[in-house]
Amino acid sequence: MAEGIRCMWIRGGTSKGGYFLAEDLPTDAEARDAFLLSAMGSPDARQIDGMGGANPLTSKVAVVRRSARPGIDVDYLFLQVFVDRPIVTDRQNCGNILAGVGPFAIERGLVEAAEGTTEVRIFMENTGQTAIATIRTPGGRAAYEGEARIDGVPGTAAPVPIVFKDTAGSTCGALLPTGNAVDEIEGVRSTLIDNGMPCVALAAADMGVAGTESPAELEADEALRGKLEAIRLKAGPLMNLGDVSDKTVPKMTMVSKALKGGAVSTRTFIPHRCHDAIGVLGAVSVATACLLPEGPAAALAMLPDGQEKSLSIEHPTGEMTVVATLDADGNLLKAGILRTARKLFDGMIFGR
């Protein structure tokens with residue numbers, strides 16, 4: 001690809017990556033993935049020969065196209081480019097990168113901006129979900145400056161509120177793929193849940209840790225990592241995900257009592273590195289696990305009253321608030337979250 005491919009780099013939520021129009025990438029998936037691996041500099045722990053940031057959170061791609069679906073503006077395919085292995089996978093979604101899709105669609109002319117704010121209806125190809133992102137568009141242009149602050153990102157930016165629809169079972173076929181709020185795996189009580197992101201929620205204490213350790217401390221605990229992976233490998237088939245040894249899902253989230261007034265505290269492996277924060281859809285799934293009375297998350301969570309609950313999910317670098325709306329029977333109707341995004345560069349990216 002000596003001539004390069006048009007690309008915009010955007011920080012979406014607590015991740016960043018390359019945003020491409022589908023028409024600008026090779027139509028053959030194998031050729032596309034080969035290009036993206038080269039562009040990111042994978043496989044290499046430093047990604048020194050590409051644009052990747054040597055971390056799963058900075059080695060991500062959004063592929064966006066104008067949608068032909070009724071009531072939908074754009075289709076969004078998320079691709080995770082592994083850092084140290086020659087793998088590009090579409091087996092998960094990313095709610096952080098999602099935060100940049102609306103601005104990107106407006107910048108590329110896929111969505112006509114209104115004065116003030118513009119709703120962008122996004123179909124997420126990975127999971128068949130729909131999200132509605134509201135983008136500030138003063139003067140008919142996407143705005144990035146603003147007063148919204150999210151943990152894990154310095155400074156402030158324009159708010160990007162996102163509401164998710166039809167998230168339950170989007171990857172695994174059911175909110176609780178096994179039909180149980182609790183399954184015992186490797187002797188550990190676990191909630192296998194998919195409300196936008198397949199997750200295994202389990203108590204940190206049951207894993208022999210406090211749940212307050214830093215990500216670096218947890219990553220250095222080889223016994224812990226081995227036990228988490230043993231549970232993950234057994235959870236995969238139970239969650240209708242098959243053999244997950246080379247997959248990035250399910251995420252493994254250890255929960256403990258909140259320390260700063262939130263609903264619950266978390267430490268998440270994604271799946272082999274401990275996340276410095278928590279993914280957007282992972283937070284939605286964990287917040288939902290907190291609403292299941294039988295599960296390990298609910299036993300530790302502090303929940304507000306009412307049918308609309310703001311659940312602050314604490315993580316190593318702050319918190320993420322999930323607003324869950326329940327029906328009269330306590331079933332989840334919808335979940336929303338606040339993110340921000342910032343355009344970093346727009347130009348051409350080159351592969352080999």
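Here is a short report on strands, aromatic rings, a helix and the spaces between atoms.

## About the model

This is a predicted model, in which local features need pLDDT of at least 70, side-chain atom pairs count only at pLDDT 80 or more, and totals for chains, interfaces and linings use all residues. Residues are numbered from 1 along each chain as its sequence is written, and side-chain values use heavy atoms, with hydrogens and water left out.

Let's start with strand 1, where 7 of the 8 residues are buried (under 20% relative accessible area; exposed is over 50% and partly exposed in between, with a 1.4 Å probe and protein chains only). Helices (H or I, at least four residues) and strands (E, at least two) are DSSP runs, numbered from the N terminus.

Ile10, for example, has Lys343 of strand 16 as its bridge partner. Strand 1 also pairs with strand 2, again in the antiparallel sense, over 5 bridges, and here Trp9 stands opposite Gly18. These two strands make a hairpin with 2 residues between them, and Gly13 in the turn has a positive phi of about 60°.

## Rings that meet

The whole structure holds 2 aromatic pairs. Rings of Phe, Tyr and Trp (its six-membered ring) pair if their centres lie within 6.5 Å; planes under 30 degrees apart count as stacked, over 60 as edge-to-face and the rest as tilted. Trp9 and Phe345 are stacked, at 5.7 Å centre to centre with 15° between the planes. Trp9 belongs to strand 1 and Phe345 to strand 16, so this pair ties together parts that are 336 residues apart in sequence. Trp9 is buried, with a relative accessible area of 5%, whereas Phe345 is partly exposed at 28%.

Tyr19 and Phe104 form a tilted pair, 5.8 Å centre to centre and 45° between the planes. Tyr19 lies in strand 2 and Phe104 in helix 3, 85 residues apart, and both residues are buried. Elsewhere, the charged end of Arg69 sits over the ring of Phe123, 3.7 Å from its centre (CZ of Arg or NZ of Lys within 6 Å of the ring centre and within 35 degrees of the ring normal).

Where is empty space left? Rolling a probe the size of a water molecule over the atoms shows it. On a 1 Å grid over the protein atoms alone, a pocket is an open set of points with protein on both sides within 12 Å along at least five of seven lines, and lining residues have an atom within 4 Å of a point.

The largest pocket holds about 520 Å³ of space, a volume being the space filled by probe spheres set on grid points joined across faces, edges and corners. Of its 33 lining residues, the closest to the centre are Pro56, Thr248, Ile270, Pro271 and Arg273. Helix 6 gives the most to this lining, with 3 residues; 10 of the helix's 10 residues are buried.

The second largest pocket has about 250 Å³ of space. It is lined by 17 residues, and Thr288 and Asn331 are among those nearest its centre. Strand 16 provides the largest share of that lining, 4 residues.

Conventions. Pairing = 2+ DSSP bridges. 1 Å grid on protein atoms, 1.4 Å probe; cavity = no way out; pocket = protein on both sides within 12 Å on 5 of 7 lines; lining within 4 Å.
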